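This briefing is for a reader new to the structure. The sequence and the model come first, and the notes follow by topic.

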4 protein chains.
Amino acid sequence: MIVKSETLGSRGRRTRAALVQAGREAFEERGYDAVRVDDVCARAGVSHGTFYTYFGSREELFREVAATVVGEMFTASVVGPAAPGDPYARIEAANLLYLRAWAANSRLVRMLEQVAATDESFRGLLLELREVFVRRGAEGLRRLQEQGLADPSLDPRLTAVMLGGMVEHFAHVWLDLGEHADERTAVATLSTLWARAIGLTPAPSRDPLPAPARTPEQAQAQKNRIVDVTSVSTKGAGA
Amino acid sequence: MIVKSETLGSRGRRTRAALVQAGREAFEERGYDAVRVDDVCARAGVSHGTFYTYFGSREELFREVAATVVGEMFTASVVGPAAPGDPYARIEAANLLYLRAWAANSRLVRMLEQVAATDESFRGLLLELREVFVRRGAEGLRRLQEQGLADPSLDPRLTAVMLGGMVEHFAHVWLDLGEHADERTAVATLSTLWARAIGLTPAPSRDPLPAPARTPEQAQAQKNRIVDVTSVSTKGAGA
Amino acid sequence: MIVKSETLGSRGRRTRAALVQAGREAFEERGYDAVRVDDVCARAGVSHGTFYTYFGSREELFREVAATVVGEMFTASVVGPAAPGDPYARIEAANLLYLRAWAANSRLVRMLEQVAATDESFRGLLLELREVFVRRGAEGLRRLQEQGLADPSLDPRLTAVMLGGMVEHFAHVWLDLGEHADERTAVATLSTLWARAIGLTPAPSRDPLPAPARTPEQAQAQKNRIVDVTSVSTKGAGA
Amino acid sequence: MIVKSETLGSRGRRTRAALVQAGREAFEERGYDAVRVDDVCARAGVSHGTFYTYFGSREELFREVAATVVGEMFTASVVGPAAPGDPYARIEAANLLYLRAWAANSRLVRMLEQVAATDESFRGLLLELREVFVRRGAEGLRRLQEQGLADPSLDPRLTAVMLGGMVEHFAHVWLDLGEHADERTAVATLSTLWARAIGLTPAPSRDPLPAPARTPEQAQAQKNRIVDVTSVSTKGAGA
DNA sequence: CATGAATGAGCCTTCATTCAT
DNA sequence: GATGAATGAAGGCTCATTCAT
């Protein structure tokens, strides 16, 4: 009889948490398929029978671990409301958080992708995770477009998928495949590429070019305009 | 007692090829860990025992399949020498090929990543694969920089890693996770983002400011055009 | 540390009874081997641990359930002392009770047989159960033989085993295997067969040859009547 | 991959047969639920992995064993066509065969009943087994009724179920529960009871009573007639 | 007395690998 | 070379039983 947290006394709660933690470590270290239920139990210091008091299978444990990780990533990646008004700085701040969220969980998210490829029931969690980041990126871009600071002809969602993917993928290459870079440079470069890619324009007040477009025609016109990234913070950027 | 093709008579050669092909299909359909040696044998129409005449293990078969796939991707992604002189068009052509190479092998490359995460000996193949694309992208960028067409402050390799990752990742999201997009739009958007991100400047002779598009067709056509980033300031972005 | 009822306070007595009842239901529904101690506990509304306060094992619980059932069968199958003097009517009354006793407990007695096949210690209970019915049947037959109403050459015990078995077995086939029959017809037929088989003779005073029935009702009524086997020769069938 | 006999070479055929035989013995000795796959393998002298080459589970093995046993019982219980013309002698012959068929397989048939109680898919086999015997008995009775040798008012099927059950049940009590009797006496008594129960009349030619009834009315009348079993062979009957 | 968490023996099943034919 | 039968290590899971609270 598998038990959820709500039902448990403090002893059970502790055991369950120990299994989740042990599972998380084991998955990170060995990969999904290589993890044996007994590995997890040994790590958690319980007998393998106990495992089945709390989870019906390794898969179920992974579901819990994955949900935990996804939750953490949501939390960790929220740009505080007091973010700087400077759009570039906001992009940079977001990229830093994004990269760090991935730094903490890259392996597990890859695992989630792997499991989702086979097991339909994990697909949902994965899509949920991606959706949050995509939506956040798309909304940020839309806001900039509305403020006339970004190319209005870009499809916000598609752009967010692509540029978000750039950050996500770099995190993987950087952390898991050993591509050499320091965090500062990485964030700066990612942010520069991102900002330029969306045609980020400096704030209107300092805009050396025509006033922000408001009509579709104007928007279209602006798409082909020069991007002034003069005031972008690129401290630390460099190879 | 693994046998390479060179040693074999035509019968053996055929059997071996059947196993590789069957393995490739099986891996694509079921994922690395779910593939059983028996699945492969059944698909290839040979008995269990025969498998071990040619391969020492499932892993060895996968190594062969992966090498084949990597080879195909190299071949498939080479931008013909008769590529258009227009830098943007070249970027677009490369992205199209890149995306298609992934369309054909996305699942298997993810699998390679998965196996590489655990098995050191696959790491090399994966890095090799990535390196080819990274180098190609970095060299392209360096050429543009040398021609004064791209921001010279960008680190070519790092930029190639990031922007290449963008394409690669998008291919995965698009094909494996069902993100909706048509190939044309995808390639156009990726290319626009890429071109702008590196600060691509049009060849001096080209019209830097086409009149604003009015019709959808024009808009679409224009979307895939060169971005005029002539006046972009990149001071502070060091190489 | 098994506790019998005598030792217990009223709370314990209630818990124990709940377990026995729950066990009985569980055994009936799922069969001996499929019953888990947990099933019983859940059904009785007590925790695992509590079970072992009262019973040392599932087997011990079954022993108690079986004893209860056997006791009930004894009670239920006693033909009242005010039974009609008519021997056929007594046979019929006995068969009705017998059949009903089985209707109530067929599944559990089969289970007892099953357990007894493996576990020597249950053999006794089963034999006891059978013995009561056999003895009762044998004594009935002996009385009829003494009264000159039944074939004196039949071995009372062997005959009782066989004809009792006929009823017992029919109950099983009827209830457990879905052989179609209504109780009335079943009892009438069993009784007719039984009566004829032992060569039952009607009491001298009774009409040995009622006029042939014409209506269905009469036919039905007559079907359950005594068979006149007065002149049957049984030479050669020794006792 | 489970293998049926048809597909196998002689080696496989031998192994499979050994498993079936070993399973049969194991089931007989220990009972269904107590049999472990490994017991069977050890007895058959193969590794437990081999078991799964031929059967998917213990249940599947039992299905095969049960089918084999049922087949044997069919074969073993056929009364040869050259059976004596004397109805009683035929009854006796049939009972002897019936009893012996059960003597050989009593335990396994009880097991089949047990499994069928839980597993719907075994129900069919059990009912098939019973049906063959019931039908055979019912047809025998119907023939006697048509010949005016047995009570025509008896429902042939119901009677066959009951009297067949008597034999079947006795076999169990005798063999499995240790009721003491020698085969001769048992068969003689069963046959006498059976013959009398159906109102078996001697051949018409020697019938001391009215000519056989042909109309319903006559049939009904005859039901209450005396059974002359004078000429019945009861050799060996006696305690 | 009751609870429910923990235990671990025991059984089931899969599948990579070997090997005689 | 090919075959397919046999092997047994490796893991999964269940459930009766114990025990501290």
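Predicted model: local features only at pLDDT ≥ 70, side-chain atom pairs only at ≥ 80, totals over all residues.

Residues are numbered from 1 along each chain as its sequence is written, while chains are lettered from A and ligands numbered from 1 in the order in which they are written.

**Surfaces near the DNA**

- A residue is near a strand if its C-beta atom, placed from the backbone, lies within 6 Å of it.
- The surface near DNA strand F takes at least two residues from each of these: helix 2 (37-44) and helix 3 of chain A, helix 1 (10-30) and helix 3 of chain B, helix 2 (37-44) and helix 3 of chain C, and helix 1 (10-30) and helix 3 of chain D.
- Helices (H or I, at least four residues) and strands (E, at least two) are DSSP runs, numbered from the N terminus.
- By residue type, the surface near DNA strand F has nine nonpolar, 22 polar and eight charged residues. Ala, Val, Leu, Ile, Met, Phe, Trp, Tyr, Cys and Pro count as nonpolar, Asp, Glu, Lys and Arg as charged, and the others, Gly among them, as polar.
- DNA strand E is surrounded by 39 residues, the closest being T15(A), G49(A), G49(B), G12(C) and G49(C).
- The surface near DNA strand E divides into nine nonpolar, 22 polar and eight charged residues.

**Chain A overall**

- Chain A contains nine helices and zero strands.
- Of its 239 residues, 42% count as buried; a residue is buried if 20 or more other C-beta atoms lie within 10 Å of its own, exposed if 12 or fewer, and partly exposed in between, with C-beta atoms placed from the backbone.
- Among contacts in chain A between residues at least 6 apart in sequence, 67% join residues at least 24 apart. Two residues are in contact if their C-beta atoms, placed from the backbone, lie within 7 Å.
- Seven residues of domain 1 of chain A are in contact with seven residues of domain 2 of chain A. On the domain 1 side, three are nonpolar, two polar and two charged.

**UniProt annotations**

- An unreviewed UniProt entry gives residues 36-55 of chain A as "DNA-binding region"; such annotations may be inferred rather than shown by experiment, and their positions follow the numbering used here, with feature names shortened.
- Residues 36-55 of chain A are 75% helix and 0% strand, with end C-alpha atoms 13 Å apart.
- UniProt (unreviewed entry) also lists residues 13-73 of chain A as "domain: HTH tetR-type". This span is 80% helix and 0% strand.

**M111(A)**

- M111(A) lies in helix 5 (residues 87-118) of chain A.
- M111(A) is buried because 24 other C-beta atoms lie within 10 Å.
- Beyond its neighbours within four places in sequence, M111(A) is in contact with F27(A), G31(A) and Y32(A).
- G31(A) is 80 residues from M111(A) in sequence, yet their C-alpha atoms are 7.0 Å apart.

**Helix 8 of chain B**

- Twelve of the 15 residues of helix 8 of chain B are buried, so this helix is largely enclosed by the rest of the structure.
- The buried residues of helix 8 of chain B include L190(B), L193(B), W194(B) and R196(B).
- G199(B) follows helix 8 of chain B and has a positive phi, near 70°.
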